[in-house]
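Here's a quick briefing on a two-chain model.

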Amino acid sequence: MRAADIPYVSAVDQPVVLAGLVGGEEPWAVWPSVVAAGAREKVMSEIAASGLRGRGGAGFPVAKKWSMTASEPAPRYVVGNGDEGDPGSYGDRLLMERDPHRILEGLALAGFAVGARHGLILVRSEYPAAADRLRAAVVQAREAGHLGERVHGSPVDFDVEIVVGAGSYVAGEETALLHALAGLRAAVRARPPYPTSHGLLGHPTAVNNVETLAAVPWIVRHGGAAYARLGHPDEPGTKLVCLSQRFRRPGVYEVEFGVPLRHLVEELGGGLREPYRLRAVQVGGPLGGFLTPDQLDLPLLSEPLAEAGAALGHASLVAVDSTVPAAAILRHAWAFGAAESCGACTPCRVGTRRGLELVERLREPERAGAVLADHEPLIEVLTVASLCAFGRGVSCAVRSLLRVYSDELHQAALTGKGGE
Amino acid sequence: MRLSVDTIGIEVAPGATVLDAVRAAGAVVPTLCYDERLTPQGSCRVCLVGVRGRAMPACTTPAADGMEIQTDDETARRSAQLALELLVSQLPARALDIPAERSELVRACRHFGLTGSRFDGATRNAGVDHSHPYVKLDRDLCIACNRCVRMCAEVQGTFALSLAGRGFDTVVVAGTGGPWVSSPCVACGGCVDTCPSGALSEPGLADPRPISRTTITTCGYCGVGCTLRVHTRDETVAAITPAHDAPVNRGHACIKGRFAHAFTRSRDRLTTPLIRDGGRDSPLRPASWQEALTFAATRLAAIRDRHGPDAIGMISSARATNEENYLAQKFARTVLGTNNIDNCSRLCHAPSAVGLAASFGHAGGTNSADDLDNTDCILVAGANPTEAHPVIGARIKQLVLRGARLIVIDPRRIDLAEMADVHVQARPGSNVAVFNGVARVLLDEGYANQDFLRTRASGLAELAALLADYPPDHAARLAGVTPETLVAAARLYGAARRPAIVYGLGITEHAHGTDGVRTLSNLAILKGAVGTPDCCGVLSMRGQNNVQGASDMGALPDMLPGYQRVTDAGVRARFNRTWRAEVPARPGLRILDMFASATAGRVRAMYVIGEDIAQTDPDSGNVRRALAACDLVINHDVFLSTTAEHADVVFPAVPFLEKDGTFVNFDRRIQRVRPALDPPGQARSDFDILHLLARAMGADLGCPTPADAMAECATLTPTFAGISHTRLDRDGPLHWPCRSPDQPGEGRLYLDSFATPDGRAALAARPYLPPGEQADTTFPYVLITGRRLVHYNSGSMSRRTPNHQLRPHEVLDLHPDDAARLGLADGDLVEVTSRRATVTYPVHLTDTIAPGQTFTTFNFPDTLTNTLTSDATDTETGCPEYKITAVSLSPVPHRADSRAAGR
């Protein structure tokens, strides 16, 4: 069965990430001249001027990550993170399937900037077409002389390997991803040391999301200042936002940072399909937070969203309609956490299971009453003590659910009928 | 870095973690996934502390200058406790019933005052795996801390373990998840040692009854010299664990030292003296000590008095302590009046003693094992450390995993060869050709250290002249390898900054074993990699626990303690004064010469301490004929050995776990041996038996205690002058030379000068000579003998432990191509015939052995491998050529109806 084509729209004047798909910009436009000129400093300074941050969810400044990696001893690596695991996110998949060369060019520029000879992209196993197209693109890029030894007559060697993951959500976390690339169990490890000093096989590695990499060629071509003028002063640039299937117009939208969520939900997404009525929006994937319809004036910016108990994350918007029972969503949040926990740290390994068991107790009249109070220590330990963003994210999602669905859940706890 | 812990100011070194700082400040933070031997993981989350108001895991957070650490931070402590409660909620109640001293989990719960968990829900129900005799897994107690996995990877280097499953179901598995015993686990015990929750345990510690006593001693298996903690209960060993602060093993051990202790309470321990007083064909019968001592003393004295002292040959034991060996040679020289004393280093490392002394000055390795930490290239030659010296094997693996280069020179594709940069799979007996070829490349390609050669070495011109005959292609042809392989090995060694050489019996047990040691030593001299700052030198891997010490103590026919020559009148005069006796001036007989003299009727009595010469010495049919020819054979042993069966008097002796004294390990480290158990029945230590026998012969050996013996040895031996039990008990192990009580021992030797007569390292120009025994059309295969992981030497100890379940009988390793030619399938029986005997083995097909070669051991008395082995010996030292025996192979026909009959 062939997956449906992904609809995509640029909602910005100058598409950056979608420059190839809607803006008509060919990939590999800047790489030959940059590498031939040995213009490493130019790449670094344009990226620094752009203010580009990681688009995978953590939002770390790209220029800083690259310069940290470059300051460590060779061999160094650059890695593209194509393990797009968030249910509701498919922007990376769109890029990998439809404009793989832009990602490769971004990775080449990153490798050039940090002084790496090897780049790798981990693609989740659920995206076979993306992996095929990236592989084909690598072959084409080698044939065109963009990859390989002494590319474009420069002293630079750079080549790329495409690696397929093994079906773990947590492999999208960078230390787990690096373990997976090395053929190890994709479990998270504590940081520091950060991958910029101890990454792939223990060597300095810059790990960037593929969407981040896809912005790089445009920035190098048009200048960091041009990019910095887009978006919001606190958070410049553009972001791909994915709207889920309950929206009237689901798809991938490139938007500038700072636009109100309501613009995304109502104008771009066109609200929900009939006959559904919006009850909540989950922003930023399964580890993001739930917002009520009256919170949609929040801007698409990391800090205001975090203050509202949500998270920008990879910026997917999943619309939840009013027919979905509160307990079912709560159960789903815990079940996702329990299923995808890598098992490394205690809070997440045991806590997610305990959370799932708590929700089940909403069906038991004699125990349901304590369920909401019993959530508190679980949320606390997951928030404070988790080893990585996954455990913290599960608690963030659950906490926001308890707020958004407070009335329904209290009702469910009183009746002990499961709330579904 | 200066920082504070709970307002206490403290200084820590750069690179320290918050946990290091907390501990340095004397504060207590519980940990579960932390082990100082392993990379911190920070996953259990019970070590959270407050740093600038944030809860941080102490074990993985780097300390920083000016940091303020709060161990009582409310948020951190609360979350740490919650994490622990979550963890406990997953476990069955029995997890908290384990005695606190055996469970870090229980201790962590005590720290927080926890007796249960506020969380409840499902526990795991994955059951146990008790398939392995030592490593017992209770999956339901696993807390997924990953310590066992890290131990297996980061310390042992076997990579047998991993975590499997996700989230709540995460649990350790061995191998691919089948039974533990079928996994690649080598039972080093590291996982059991590190497990904080009791999920991995061992039989003696799974028993909740308390340990009554713990004794710190030195392992009595191989020559690595691991410091062990022996835990006893009801006068038996409950468990043995490695000492974490041990200088050599650093908290690690192997299947032998760690687990193979059941032999100490085996029911066939000898517990009374035995005598045979009705002629050789009469049975041995139990006797009282008085009767046996009188019997032995009378007959020994009679032979001495009638045939002269040199009609008695004495073999001391490499498994006995230094003090016992000291006493044995003193007994031979003062009570019997002969230098006819030798020890089994004659059969393994005599070429090392002679070769290393000739090249460098002292009869031992040149460096401390600690120097391996600094090496960037290890040359392993004729040694299989992962099986024969597992703790050092594991150390080498870790060094290679961290980037050191590895050269393996061995006819077999041993475990280390799998990770080597170059494996020189030289044919048996070609060592000298290989080393000469490598030396030639070092000189030709400019890798030699000319300054060093000019100022610190001698013999270059002669060596260079000889090496004209060893261009790489010729040397490679002699070795049966490609010239490229040889050159690659030479370049790796030559290009290294601090290369180390580790070698074993594959170099010494040859007809030209001393030449092997000399030509191997040449490489270190050419590189200037010995006797220089930061050098790593040459380390010889000793087979038995105290084979170094037995020789150090003068259980040698030509040497008094400390390798002082008996032919030196001044030396003798000193000993004579202290001993109030006359040390004979003429060197005595070596082991194999004793046998020849016995067969010829010149030696009339053999006194054998703790060696099973009839099983372990080469051409053992000849050994038995020699014993049969003697008028008197006296034997000390723990069990009734093959040799004891030929004896007239057998004294019941004790193994290392019941001894007091010292051992010297392979890197010249003198370490204390302390009794963990009392001897069963009337068994006595070799030390006591020698005293009793001397007394029965009307003599007094002096030095009534082992400490006295070491003290006397120190006064007579300049290289041990600074050694005493008191000092060892106070300061821990000491390397020899240790020339005075205020000097530290010398781990790295020769920094100023070599101990040779001219103070220079002596290069040796030795040509390649063919082995003593060669394959021919009648005996077309070469049999190599060596060691396997789970058994030890004659097997007298290891076969009487559950190690036996892991390898219940011996096999003959054979290449599949040879097997196909002979029509043999794995497990089929084959008759192996040498020029001396025939022994039958089941074959084990493996391509780790080269075609035309076979491999086995002499661990089992029912496959007497040493009836086959060569009678050739090293021309300089008399060390037997155990490594090369020409044999023919003949399949034992299947009995056609055997399968049908079995049904």
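This is a predicted model: local features need pLDDT of at least 70, side-chain atom pairs count only at pLDDT 80 or more; totals for chains, interfaces and linings use all residues.

**Helix α19 of chain B and what follows**
- Helix α19 of chain B covers residues 513–527, and its 15 residues at 1.5 Å a residue should span 21 Å; the end C-alpha atoms sit 22 Å apart, which agrees.
- B:D534 is in the loop between α19 and β23 (538–540) of chain B.
- B:D534 isn't a glycine, yet its phi is positive too, near 65°.
- B:D534 counts as exposed because it has 11 C-beta neighbours inside 10 Å.

- Most residues other than glycine have a negative phi, and most peptide bonds are trans.
- A:L201, not a glycine, has a positive phi of about 55°.
- You'll find A:L201 in the loop between α7 (174–181) and β5 (205–209) of chain A, and it is exposed, with 12 other C-beta atoms within 10 Å.
- A:A74 and A:P75 are joined by a cis peptide bond, omega about 0°; A:P75 belongs to the loop between α3 (62–70) and β2 (77–82) of chain A.
- B:W736 and B:P737 are also joined by a cis peptide bond, omega about 0°, and B:P737 is in the loop between β31 (734–735) and β32 (761–762) of chain B.

**Where the chains meet**
- The contact involves 30 residues from chain B and 26 residues from chain A.
- On the chain B side, β4 (54–57), α2 (74–89) and β8 (161–164) each supply at least two residues.
- α2(B) gives the most to that side, with seven residues.
- By class, the chain B side has 14 nonpolar, 13 polar and three charged residues.

Terms used
Residues are numbered from 1 along each chain as its sequence is written. Chains are lettered from A and ligands numbered from 1 in the order in which they are written. Two residues are in contact if their C-beta atoms, placed from the backbone, lie within 7 Å. Helices (H or I, at least four residues) and strands (E, at least two) are DSSP runs, numbered from the N terminus. Ala, Val, Leu, Ile, Met, Phe, Trp, Tyr, Cys and Pro count as nonpolar, Asp, Glu, Lys and Arg as charged, and the others, Gly among them, as polar. The expected span of a helix is 1.5 Å times one less than its number of residues. A residue is buried if 20 or more other C-beta atoms lie within 10 Å of its own, exposed if 12 or fewer, and partly exposed in between; C-beta atoms are placed from the backbone.
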